[in-house]
Amino acid sequence: MTIGFEKPQSTKKIKGEKPFQAALMGALVLLTLLFAGIIVSLVAYTDLDTLISTIVSPEIIYAIKLSLFTATVSTTFAMLAAIPAAYAISHFQFPGKSVVDTILDLPIVISPIALGAALLVFFNTPAGAAIESKLIRFVFEVPGIILAQFMVITALAVRLLKSTFDGIDPRYEQVGRTLGCTKLAAFYKVTLPLARNGLIAAAILTWARAIGEFGATVTLAGATKQKTETLPIAIFLNLATADIEKAVAVIFILIAIAVLALILLRRISSMRYPR
Amino acid sequence: MISINDLSVHVGDFSLTDIDLQINDQEYFVILGPTGAGKTVLIEALAGLHRCRGGMILIDDMDITSVPPEQRHIGYVPQDYALFPFTTVAGNITFGLRGRHTRQKTTKKKVNTLAHLLHLSHLLDRDVRTLSGGEKQRVALARALATSPRTLLLDEPLGSLDVRTAKYLRLELRRLHKELGVTTIHVTHNLIEAEEMADRMAILNMGTLEQVGTPEEVFFDPRTETVADLIGTPNILDCDSVKHIGHGLVEAACGGMSIILPLHDGGIKKIAVFPRDIYVSATKPPGPELNRFQGVVMNIQPFSSLTRLTVKVGNNQLLAELPKDIFEEMGIKTGQAVFLILKLRRLRIH
């Protein structure tokens, strides 16, 4: 008789594992096919020449430029407001913190049209009217697009940045303080470099969200051709006049921007700290 | 000199109360205590990272209780080292020198000196995340020392290292302390570490100070039962006479026991031996009779996963302990004669 250990049969599947795996993979394939199918149907609808000639038309070039400009400006403002707000809600304890947290989350769950309508109502109040007449015009103007995008994306930026700041061990800042940093210096010399990847990822996501913003924008800034015509509004206007080819071209541009943003995001999430 | 007077600190549900402590210049001071004793809270309060509810912290008679951490000139090495991952080893070391109007040449010189002192010269361009535990600890030390602090706080600096690295770094820390002369406060839960490193030590338990003294004073005269418990309830034997027997050894007569010890300067008044350092056998063990004694079991007491035996040897009652399963296997009963061997290297002499 030989005494020894039996070789473990690691390749053998555990009973009942296969159907479960098949169900999961099925759901995955179904969803991928759904999204891919939509893109394929768009490709089938148009040809390359029409697509290129539509993209270089003055109306679409205007929409691209306006979208890039407004989204960049609103993202800059949103990040400037969200960084301190997210840091405060992540690090400080104060009475009514959960109420503030809920209020900050509202723009994420509320319908963008409702948000735009609320802004429109605000500019009809005496305070809003004074801003409109004495400071800057928002209603049916380009600044209105920026404001609408800002309102929608800032809450998202706060949420994303809060989770970034939550993930940073306060010990780093404490060490920074013992090494001679004031609270402010520890924030920008220690916390911000640690949050770098999270900050860039939040900026990309909010920028992409701003590019695609429609509901609040159309309500506050309106949908005037080559005036307040961002890319989503261009789709809306061209569909309204049954110019499907133009609408499809704009959809392709939006898809390209989204894909670019996602590629950048993936790169950043796998990135280490730069030297 | 650091004076802590009636210090009270509250962090969440934890309170550190009425801490009175004096730490001398250039002293290597160890704070020993179990997990949750408040050791970290105490040194964090010294570093200015917690607001004090009451009392005062003075450094050279200057009240620093309300001084922000960046103005205390205290170096701090946290338990997990908290090295900045966004910069290199050199970047970590120079972090505290940036913005201090230190000339680049001076900064470079300081980095090189510290790197040489802590054997980090070959690692200066390395990403800190690729370092071993021991290397990380040395970088954290260099970073804290770069600002030339008056006091250095070390929070469990050897806690996460393997036994070999920890042993090596214990020696390194002592060498560094001797060379730089910085007043050092070292927090640990490790008794051997405390004993090896400390000029003086404080025993902290549940937010209060139990005893302050040299390791010898603590081991040979534990003031409270808590301290005795924390340090492992040592057997203290009073010795009357000492006789040189050659080969660097002496024979001490301690309450009817003749104990062989290494030659010790300044005579031998007391010997401390921990229950865990006494080997118990029901039968006569083979080998030399060095520090081997026969005694009678007076009492048997279960003690967590161990069994504690009180054995009468000569005029002494020695506490010995052994794992419960081994005790059960031996089948020792009260009144039975047993053999004890005192491990020569583990005897502490006073």
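Predicted model: local features only at pLDDT ≥ 70, side-chain atom pairs only at ≥ 80, totals over all residues.
Eleven aromatic pairs turn up when the whole structure is searched over all chains. Rings of Phe, Tyr and Trp (its six-membered ring) pair if their centres lie within 6.5 Å, and planes under 30 degrees apart count as stacked, over 60 as edge-to-face and the rest as tilted. Residues are numbered from 1 along each chain as its sequence is written, while chains are lettered from A and ligands numbered from 1 in the order in which they are written.

**Aromatic pairs**

- Start with A:Phe123 and A:Phe138, a stacked pair at 5.2 Å centre to centre, with 25° between the planes.
- A:Phe123 lies in the loop between α5 (112-122) and α6 (126-135) of chain A and A:Phe138 in the loop between α6 and α7 (142-166), so this pair ties together parts that are 15 residues apart in sequence. (Helices are DSSP runs of H or I with at least four residues, strands are runs of E with at least two, and both are numbered from the N terminus.)
- A:Phe123 counts as buried at 7% relative accessibility, and A:Phe138 does too at 14%. Buried means under 20% relative accessible area, exposed over 50%, and partly exposed in between (1.4 Å probe, protein chains only).
- Over in chain B, B:Phe219 and B:Phe274 make an edge-to-face pair, 5.6 Å centre to centre with 85° between the planes.
- That pair links distant parts of the chain, 55 residues apart: B:Phe219 is in helix α7 (residues 215-220) of chain B, and B:Phe274 is in the loop between β15 (270-273) and β16 (278-281) of chain B.
- Both B:Phe219 and B:Phe274 are buried.
- There's also a cluster, in which ring pairs link A:Tyr87, A:Phe92, A:Phe165 and A:Phe187.

**Salt bridges within a chain**

- A salt bridge here is a side-chain nitrogen of Lys or Arg within 4 Å of a carboxyl oxygen of Asp or Glu.
- In chain A, A:Glu59 forms one with A:Lys246, and their closest N and O atoms are 2.9 Å apart.
- A:Glu59 sits in helix α3 (residues 58-91) of chain A and A:Lys246 in helix α13 (residues 244-269) of chain A, so the pair ties together parts that are 187 residues apart in sequence.
- A:Glu59 is buried, with a relative accessible area of 6%, and A:Lys246 counts as buried at 19%.
- In chain B, B:Lys39 forms a salt bridge with B:Glu156, with the closest N and O atoms 3.9 Å apart.
- B:Lys39 belongs to helix α1 (residues 39-47) of chain B and B:Glu156 to the loop between β7 (151-155) and α5 (163-180) of chain B, so parts that are 117 residues apart in sequence are tied together.
- B:Lys39 is buried, with a relative accessible area of 5%, and B:Glu156 is buried as well, at 7%.
- Back in chain A, salt bridges that share partners join A:Glu59, A:Lys225 and A:Lys246 into one network.

**Where the two chains meet**

- In all, 20 residues of chain A are in contact (heavy atoms within 4.5 Å) with 28 residues of chain B.
- Chain A and chain B bury about 2100 Å² between them, 61% of it on carbon and sulfur atoms. Buried area is the accessible area (1.4 Å probe) that two parts lose on being put together, summed over both.
- The rule finds two salt bridges across this interface.
- B:Glu70 and A:Arg177 meet in a salt bridge through their side chains (2.6 Å, N to O).
- That pair crosses between chains, from B:Glu70 in the loop between β5 (62-63) and β6 (74-77) of chain B to A:Arg177 in helix α8 (residues 170-178) of chain A.
- B:Glu44 forms a salt bridge with A:Arg171, the closest N and O atoms being 2.4 Å apart.
- On the side of chain A that touches chain B, α8 and α9 (183-194) of chain A each supply at least two residues.
- The largest share of that side, seven residues, comes from α8(A).

Technical notes: Heavy atoms only, no water.
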